Amino acid sequence: MTVNELIQSGALQTFEGGTITADAVSGGTLVSVNPTTLKVRIAEGVAANLLLLHTKPMQTLAEVELAEGSSLSMGDVYLAGSFADVKVSQCASSECRMVVVQLGDANVTYDVALNGKEAASSLHGVFVGADSEHVVFDLTTRHNVSDCRSESLVKGVVSDRAAGEFRGLVYVAQDAQRTDARQTSRNVEIGNAAHIITKPQLEIYADDVKCSHGATVGQIDDEAILYMRQRGLSEPMARRLLLEGFVGDVVSRCEAGGELCAALAAEVESKLEKL
Amino acid sequence: MLKVTNLHASVGEKEILRGINLEVKAGEVHAIMGPNGSGKSTLASVLAGNEKFTVTAGEVTFEGKNLLEMSIEDRARMGLFLGFQYPVEIPGVTMANFMKMAVAEQRKFRGEEPLSTSEFLRLMREKSAVVELDSKLTSRAVNEGFSGGEKKKNEIFQMAMLDPKLAILDETDSGLDIDALRIVATGVTKLHTSENATVVITHYQRLLDYIVPDYVHVLYKGRIIHSGDKSLALKLEKEGYDWLINDHKE
């Protein structure tokens, strides 16, 4: 089932936007479809699951606040060209795990602010651009206080004349000692006209920190394609398998529930088939 | 099964194979030896269909068909297997998934029904035992983080899964310790029948203690300059190649 079919089937409890407070431990996933403005607050000590689905071109502003000791698993999925601003602010000892999937002309800015001690943020993202699409993935992680952890891994695949841009900034404030921040950007360009720009940046004002960043841009591994063809796979099949393998560790982090995660994986696969 | 006639191949402007003649029949084991740079791996690559090399002259038939007209994958599906000297890592693709697709493609090509999941799993279990491959490795990504020995065992495991008519093993013994060499070589021997054939490319006689060849060929500067039986490998181990190649120096 595709994501759209799943939405139309009525199997999901969805809402369009507005202000929402998650104040009890909820078993299911809160699913917001095409929100224009959305404010979500996860109450103290609560664990919640949130999924934002963007199925048509539009503009979105989403603000998410994690109270002390809360935890949130959040998915953010773009099936069509969209502009979006996603702001996450985290209080002490909160944990936010984000999985982002951008398929299409999405231009999305993430701003994650770690405002309380021992807050932790992880973000795993993938963007795929085909034809002449232009995908922008902009991520700022702000370590405003000490003892916070952040980790991001964003993978991009572009083909034809598509362009993909990753901008990643890790900001560490002067008092944010013992910060542990890691940022990785990995990308594959298919063909000579496809283009990736990756700009990882660190801005550090504290002196006792562990920060790392890395970025790679590569082509499809011809040796791997040859190896798979020697075992009987066709070239398109080998290429797709290789790309699915490349983004697979991001997509498999989906925590939105079996049906949704399967639908999401199917969307990614069908997009990769178009490359 | 395989007939190579006056095969010439080059990479760019450089001619590497300069007239290879070789015939391999069902049930036979051939060993190809020769000094570094003589064209052994190139021969294996050209037979497998690696597009990096251009065939400039000659003919190759496999089971009566013109091999040189076929794509890499069709050669594989017909039953030609190349054991890579340097098996490639494929991050994010599990061995099980990879083999499932490879077996499915081969069966489709041959007009056979696809295997059910339980039949496939049984095949995986049975074949991983041939090379004592840790069954946990089949749920890991292809060759990723495998040791040198595991990679080579994994090649023979894949060979067992695909049950090729002709297996070309390119320096499968390189980088193996004594135990791994025994396991890999014994695995190859177990897979050998009167219906299939094996070509092993090697530098060392010790592999041939396990995989006993019917013929040993010496490749030098792109040509087979001498052929013999298994005693030739022993002689080469003792005396080197000089006595053979002196006549062929330019």
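What covers the buried residues of helix 8 of chain B? The cover includes strand 3 (29-33), helix 7 (206-210), strand 11 (215-220) and strand 12 (223-228) of chain B. This is a predicted model.

**Helix 8 of chain B**
- Helix 8 spans residues 230-239 of chain B, and B:Leu232, B:Ala233 and B:Leu236 are buried there.
- Seen down the helix axis, the buried residues fall within an arc of 100°, so they line one face of helix 8 of chain B.
- B:Ser231, B:Lys238 and B:Glu239 are exposed on the other side.
- B:Gly240 follows helix 8 of chain B, with a positive phi near 75°.

**A sheet in chain B**
- Four strands of chain B form an open sheet in the order 2-1-4-5, with antiparallel pairing.
- Strand 2 (14-24) and strand 5 (65-66) of chain B stand at the edges with a single partner strand each, so one side of each has no neighbour in the sheet.
- Eight bridges join strand 1 (residues 2-11) and strand 2 of chain B in the antiparallel sense.
- B:Ser10 stands opposite B:Glu15, a residue of strand 2 of chain B.
- Helix 1 (residues 40-48) of chain B lies across strand 1, strand 2 and strand 4 (54-62) of chain B. Helix 1 runs at about 75° to strand 2 of chain B.

**Where chains A and B touch**
- The contact takes 17 residues from chain A and 19 residues from chain B.
- On the side of chain A, helix 2 (222-230) and helix 3 (235-251) are the elements that give two or more residues.
- Helix 3 of chain A gives the most to that side, with seven residues.
- The residues on the side of chain A are eight nonpolar, five polar and four charged.

Notes:
Residues numbered from 1 in each chain as written. Chains lettered and ligands numbered in written order. Predicted model: local features only at pLDDT ≥ 70, side-chain atom pairs only at ≥ 80, totals over all residues. Buried ≥ 20, exposed ≤ 12 C-beta atoms within 10 Å, placed from the backbone. Arc of directions from axis to C-beta. Contact = placed C-beta atoms within 7 Å. Nonpolar A, V, L, I, M, F, W, Y, C, P; charged D, E, K, R; others polar. Pairing = 2+ DSSP bridges. Axes fitted to C-alpha atoms, helices over the stretch in contact; angles between N-to-C directions.
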